Amino acid sequence: MNYGLGQRLAVECFGTALLVGTVVGSGIMGERLAGGNVALALLCNTIATAAILVTLIITFAPVSGAHFNPVVTFTSAMRSGTPWPEVPFYVIAQIAGGIAGTVVAHLMFSLPLASWSHHARGGFPLFASELVATFGLVCVIEMTTKKRVESVATGVGLYIAAAYWCTSSTSFANPAVTIARCFSDTFSGIRPSDVPMFLVAQSAGAIAASCFCKWLLRVPTVPTKTARGEANAGGV
């Protein structure tokens, strides 16, 4: 079934709002219940984020592709999956949805609707982490995109769960989520001055992964019998 652009944008906005609301909300809940144990708070944050990703992708992929991430939309356009003229609209919907998700999460936990984060996330190690995290995420999506939606959802959810723990940045890997999280001075927040570095790293990782997967999935050209015969006749 072909859905209109308005329907797809609404899904992208709503889905990204649910994703960010879960990331921020579970971070707040985890921090409150962990009693100062950062590892336990991160574990709570990880489980909730992975679970909502699997759910959102299975639910909304048939409508919009369930990108909820500007770099996913961009790499989809690079392989002709999303029309280029629609990319800016997708990105705006995702960013708006992400900010809305932060506001709703704050509302549910009786916090100011928006507050600049003071959580410092700067330095080359975190830049490298975001590049690696986004590279891996895009590779998972590109390599599973032609399989059943359940395979994509499971792959993405499990990858993000693992990347939360094996990267020093806890794997944002999403420009819309990164921007939205700078409006939350909570466990999952990011200082606004660190956002540009994250966006550059995520963009670089996504482009590199898209090019790598395009090369990896390239079908080799097999010479025809006629071409091989002509080559042999020429003494090659």
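Guide: Arginine 79 is partly exposed, its relative accessible area being 34%; here buried means under 20% relative accessible area, exposed over 50%, and partly exposed in between, with a 1.4 Å probe and protein chains only. The model is a predicted one, in which local features need pLDDT of at least 70 and side-chain atom pairs count only at pLDDT 80 or more, whereas totals for chains, interfaces and linings use all residues. Residues are numbered from 1 along each chain as its sequence is written, and side-chain values use heavy atoms, with hydrogens and water left out.

The side chain of arginine 79 meets that of glutamate 142 in a salt bridge of 2.7 Å, N to O. Arginine 79 belongs to the loop between α3 and α4, and glutamate 142 to helix α5 (residues 124–144), so the pair ties together parts that are 63 residues apart in sequence. Helices (H or I, at least four residues) and strands (E, at least two) are DSSP runs, numbered from the N terminus. Glutamate 142, with a relative accessible area of 10%, is buried. A salt bridge is a side-chain nitrogen of Lys or Arg within 4 Å of a carboxyl oxygen of Asp or Glu, and by this rule the count comes to four. Side chains of opposite charge can pair when their charged atoms come close.

The loop between α3 (70–78) and α4 (87–108) is also the place of glutamate 86. A salt bridge of 2.6 Å, N to O, joins the side chains of arginine 8 and glutamate 86. This pair links distant parts of the chain, 78 residues apart: arginine 8 is in helix α1 (residues 5–33), glutamate 86 in the loop between α3 and α4. Arginine 8 counts as buried at 15% relative accessibility. Glutamate 86 counts as buried as well, at 15% relative accessibility. With its neighbours within four places in sequence left aside, glutamate 86 is in contact (heavy atoms within 4.5 Å) with Leu5 and Arg8.

Proline 88 is partly exposed, at 44% relative accessible area. Its C-alpha is 9.3 Å from that of phenylalanine 74, and 14 residues separate proline 88 and phenylalanine 74 in sequence.

Arginine 191 is partly exposed, its relative accessible area being 32%, whereas aspartate 194 is buried, at 6%.

Asparagine 37 caps the N-terminal end of α2, with a side-chain oxygen 3.1 Å from the backbone nitrogen of alanine 39. Within α2 there is a kink of about 40° at isoleucine 58, shortly before proline 62; the bend at a residue is the angle between axes fitted to the seven residues ending there and the seven starting there. Glycine 65 follows α2 and has a positive phi, near 95°.

Key:
Polar contact = N/O pair within 3.5 Å; in protein donor to acceptor, adjacent residues only side chain to side chain.
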